[in-house]
Amino acid sequence: MIWLGIETANAPLSVAVVKDGKVVAEVVQNIKLTHSAGAMPAIENILANAGIKPYELDGIAISEGPGSYTGVRIGVTLAKTLAWTLRKPLVGVSSLKALAANATLYDGLICPLFDARRDNVYTAVYKGAELDVVIEDYHDHIDGLLSRLKSFESPILFIGADVDAFWDKIVEVLGDYALRTPFSNDLPRASEVVRLASMRDLPTVDAIHHFIPQYKRIAEAEANWLREQKEKAHEQ
């Protein structure tokens with residue numbers, strides 16, 4: 001089976017082609033290039049380099065969020081368009097779980113983390129090689145997350161490029177329980193998105209219509225609109 005994996009949920013971009021459980025080609029980059037400009041050329045290049053025609057794909061795996069609203073939206077829109085055009089199944093994978101998959105050799109608690117601005121984060125907690133869910137993907141203030149993690153009284157391995165922004169506070173609250181993965185594991189890999197997707201049953205092609213991103217938080221514009229509506233309702 002030949003998979004195309006796409007990861008655009010945050011600033012890093014990763015695209016991979018996996019055939020019969022082996023990585024044929026993969027791109028992982030963290031440069032200042034918007035996904036709207038970089039994602040499709042990366043897909044075209046990696047398929048060409050791998051010598052694989054789009055119609056030869058058997059499935060498409062996409063990092064479905066949470067993460068950057070724009071990054072998630074671009075990736076999901078691109079994946080849905082490709083899947084529907086090619087009539088191939090589309091499988092979504094949590095972007096946090098895909099990142100945590102870089103650290104599955106660690107047998108303890110794994111905490112992937114994305115910066116959600118204003119001291120907020122998208123995060124979750126998984127455990128061990130099977131990535132058992134301890135805390136489901138959610139959005140929280142960093143203080144709320146650390147309060148929950150402190151109650152575990154157990155070492156926790158943090159992973160992700162955005163951990164740097166919160167590391168001092170993490171160590172302040174968790175002390176020796178706070179561990180860091182090597183920097184080489186901090187970028188999400190589309191091959192892990194494929195690996196996790198391949199463990200699930202393939203949906204029908206018609207299911208593409210019902211596929212939606214997992215933002216775990218409404219967009220700021222929508223939040224502002226809802227707040228305005230509530231204010232207007234109170235004024236009436």
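This is a predicted model: local features need pLDDT of at least 70, side-chain atom pairs count only at pLDDT 80 or more; totals for chains, interfaces and linings use all residues.
Does Glu192 count as buried or exposed, and at what relative accessibility? Glu192 counts as buried because its relative accessibility is 16%, and the cut-off for buried is under 20%. 

**Helix α6**

Stay on Glu192 and show helix α6, residues 190-198, where Glu192 is found. Now display its contacts, leaving aside neighbours within four places in sequence. Glu192 touches Ala98, Ala101 and Asn102.

**Strand β4 and Ser63**

Next, select strand β4, residues 59-63; Ser63 is found here. The relative accessible area of Ser63 is 0%, so Ser63 is buried. Show what surrounds Ser63, again leaving aside neighbours within four places in sequence. The contacts are Ile6, Glu7, Ala9, Val76, Val93, Ser95 and Val193. Zoom in on Glu7: its side chain and that of Ser63 are joined by a polar contact of 2.7 Å. Then pick Ala207, 144 residues from Ser63 along the chain. The two C-alpha atoms are separated by 16 Å.

**The five-stranded sheet**

Move to the open sheet. Its five strands are ordered β8-β7-β6-β9-β10, and the pairing is mixed. Colour the edges: β8 (132-141) and β10 (178-180) each pair on one side only. On average, neighbouring strands of this sheet are turned by 25° against each other, direction ignored.

**Two hairpins**

Select β6 and β7. They run antiparallel, joined by five bridges. Leu109 has Lys127 in β7 as its bridge partner. The two strands form a hairpin with four residues between them. In that turn, check Arg117: its phi is positive, about 75°.

Go on to β7 and β8. This pair is antiparallel too, over seven bridges. Thr123 has Tyr138 in β8 as its bridge partner. β7 and β8 also form a hairpin with four residues between them. Gly128 in this turn has a positive phi of about 70°.

How enclosed is β7 by the rest of the structure? Largely, because seven of its eight residues are buried.

**The parallel pair**

Select β9, residues 156-159. Three bridges join β9 to β10, and the two run parallel. Phe158 stands opposite Arg180 in β10.

**Helices on the sheet**

Finish with helix α5, residues 167-174. Helix α5 lies across β9 and β10, running at about 145° to β10.

Terms used
Residues are numbered from 1 along each chain as its sequence is written. Side-chain values use heavy atoms; hydrogens and water are left out. Two strands pair if DSSP finds at least two bridges between them. Axes are lines fitted to C-alpha atoms, for helices over the stretch in contact, and angles run from 0 to 180 degrees between N-to-C directions. Contact means heavy atoms within 4.5 Å. Buried means under 20% relative accessible area, exposed over 50%, partly exposed in between (1.4 Å probe, protein chains only). A polar contact is a pair of N or O atoms within 3.5 Å; within protein, one must be able to donate a hydrogen and the other to accept it, and residues adjacent in sequence count only if both atoms are side-chain atoms.
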